[in-house]
Amino acid sequence: MTKPSLPELLHAAVAAVGGTERPGQVTMAETVAEAIDDGSHVLVQAGTGTGKSLGYLVPALAHGERVVVATATLALQRQLVERDLPRTVDALHPLLRRRPEFAMLKGRSNYLCLHRLHEGMPQDEEEGLFDQFEAAAPTSKLGRDLLRMRDWADETETGDRDNLTPGVSDRAWAQVSVSSRECLGASKCAYGQECFAEMARERAKLSEVVVTNHALLAIDAIEGAPVLPQHEVLIVDEAHELVSRVTGVATGELTPGQVNRAVRRAAKLVNEKAADQLQTAAEGFERLMELALPGRLEEVPEDLGYALMALRDASRTVISALGSTRDKSVQDEDAVRKQALAAVESIHDVSERITNGSEYDVVWYERHDRFGASLRVAPMSVSGLLREKLFTDRSVILTSATLKLGGDFNGVGASLGLAPEGTRSEDAPVWKGVDVGSPFDYRKQGILYVAQHLARPGRDGTRDDMLDELTELIQAAGGRTLGLFSSMRAAQSAAEELRGRLDMPILLQGEETLGELIKAFAADTQTCLFGTLSLWQGVDVPGTSCQLVVMDKIPFPRPDDPLMSARQKAVDDAGGNGFMAVAATHAALLMAQGAGRLVRASGDRGVVAILDPRLATARYGSYLRASLPDFWYTTDRNQVRRSLAAIDATAKVTDAKAAHAKGASAEGVDARGAGAKGAAVEDAAVEDAEA
């Protein structure tokens, strides 16, 4: 039998998921297959609606070697494992004559730990979090959640936290999970044979496709000890998120609470002298942190340096003592010792890292209203790490709807440690960027409006003219507005003000869970939803409920953000343009993601409104605009109001028809999906704008 062609395989897979083959998807599949075959690297920009998961899964499965797919979000991991992979494998089985296995793999703390569940969590003397399950049950939500998780442990096949419905708080989950450092190890644990995390690893070893997250990919790269099974192909989806996720994993933190917990856990296991040394060091650190002011520490102050050396040395002493003493009077001694060791090792590693000092690290204080001060350390850049660890001994495919910024892939490439496209040198991985386009006709479906007449936003203070503009736009749109704000304070202020001005529901991030807010926003077309960072990337509402996406201002990093400002300065010092390389690239990625909330289906119509005149007037404005979808562009405020009113009028007709059809049919019609933002919408609004 001849080997099936890629077009045959793609056609079968698309039919199996009930989709439609699109030119961009075909181009993507061919590009990915070529990269896998010749062991090269490629960045693929695939717009919303391209069907990019099949665009990489089909050529990867056809190749037959093990592939790791790393994603940023839980939603995409679930989609891959619960929908796309099962259907694709079934569809390709008759053609490939084999049935590839697939599995999900996450970090150990994502899985229920049977030892901790059954033996209990070693108690901190002061906290007493955890009595017997039954004793805790009647008196607290924590106790009820623990009982529910014990019942769930008898039913679940995976022990994966994300499969527990409804979910539980981080505090509750911490009672029944362990980090990799706290784990006793399968050979020493009484529950090692039944361990959910170990079973997940075994499934991954036997699978052709392993779906994981960016964080585990980062741990695999940073810690040296392999967590992921050997693989020949790495596919990074939602690749625009990779640098921030890797940075998060590579960031260390010290807080007084964390240090005090380590002291309590270790004190009962070591000699009095070692315990007192760590206690004294902890007290000195806590006194300093009470006076800490937020901001970067370009040099570690002398008093902080002494406090960190004391912590480092005391931690080292305790670690040695933990390894050489045994105390059979301590119940479940191995688990207690392992948890204490993990806590003290973490203190040692971060204090030593900051004490040693590296020109490649950034150190700063943060202060949180609720949790107090923390000391943090992060790499100035992760590009070198990614270049060395990511692009070696395997083909790497990175894909997202937003990788091409300002017209090329070099900005994102540089953040990943890649030289400009086409550069050839011994230590520079060879790569290419491919934009497979979008199935949407952005110029027909959307308008990009920049409110050029507004005053430039200042760092502080209210923007009355912006709030007036926002009010008028929402009125013209009939609600249907997603408001993306550069800070939570700005979102709260706008929601409070507009609730007094408009007779429309204004939902605000933080007042309910994100899932509930998005559901309420999608269900009522008059409703508006205001929020900050997670809304810029996490909202997928096709239909007439979202026809106006508003950004209050260009989302540059805060000038006092220690890490971003340090990165910007480093580029400047090296002779580059730090503002464009760091701040403008950051803003471009967020704006591209935010603008992508508008058009989610082929019938969608609407406006993306930027209430910041700098997008039209500043020198960097053209770079930011080139990073956005190719909407029809205007600065005419009257024109955009007419267009919004026309889109709203047509959407009302669509909504009425959908409601009527839903009432008339026993099966019903999803009013949100019917006509996705008005399949019957005429192009009049945008054509009128073009005239």
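Contact is defined here as heavy atoms within 4.5 Å. The structure is a predicted model, in which local features need pLDDT of at least 70 and side-chain atom pairs count only at pLDDT 80 or more, whereas totals for chains, interfaces and linings use all residues. Residues are numbered from 1 along each chain as its sequence is written, and side-chain values use heavy atoms, with hydrogens and water left out.

P613 is situated in the loop between β17 (606–610) and α25 (614–617); helices (H or I, at least four residues) and strands (E, at least two) are DSSP runs numbered from the N terminus. With a relative accessibility of 3%, P613 counts as buried, where buried means under 20% relative accessible area, exposed over 50% and partly exposed in between (1.4 Å probe, protein chains only). When residues up to four places away in sequence are not counted, P613 touches V450, A451, Q452, L454, A455, R456 and P457. The C-alpha atoms of P613 and D435 are separated by 29 Å, and these residues lie 178 residues apart along the chain.

Neighbours within four places in sequence aside, the contacts of V436 are G24, T27, M28, V44, Q45, A46 and T50. H214, by comparison, belongs to helix α10 (residues 214–222) and is buried at 0% relative accessibility. Beyond neighbours within four places in sequence, H214 is in contact with A70, T71, A72, V236, D237, E238, E241, L242 and R245.

The largest nonpolar core comprises 91 residues, and L416 and L624 have the most contacts inside it. A nonpolar core is a set of buried Ala, Val, Leu, Ile, Met, Phe, Trp, Tyr and Cys residues joined through side-chain atoms within 4.5 Å. Helix α24 (residues 578–595) supplies the largest share of this core, eight residues. Another core, of 38 residues, lies apart from the largest one and has V42, V44, Y56 and L96 among its members. Excluding neighbours within four places in sequence, L624 contacts I554, F556, A584, A587, A588, M591 and L615.

Two packed helices are described by the angle between their axes and the distance between the axes. Axes are lines fitted to C-alpha atoms, for helices over the stretch in contact, and angles run from 0 to 180 degrees between N-to-C directions. The axes of α3 (residues 52–63) and α4 (residues 74–96) come within 11 Å and cross at roughly 45°. The two helices are therefore oblique to each other; angles under 35 degrees count as roughly parallel, over 145 as roughly antiparallel, 65 to 115 as roughly perpendicular and the rest as oblique. S53, L54, Y56, L57, V58, L61 and A62 of α3 make the contact with Q79, L80, D84, L85, T88, V89, L92 and L96 of α4.

For α12 (residues 256–267) and α15 (residues 333–356), the axes come within 9 Å and cross at roughly 140°, which makes α12 oblique to α15. In this pair, Q258, V259, A262, R265 and A266 of α12 meet Q339, A340, A343, V344, S346 and I347 of α15.
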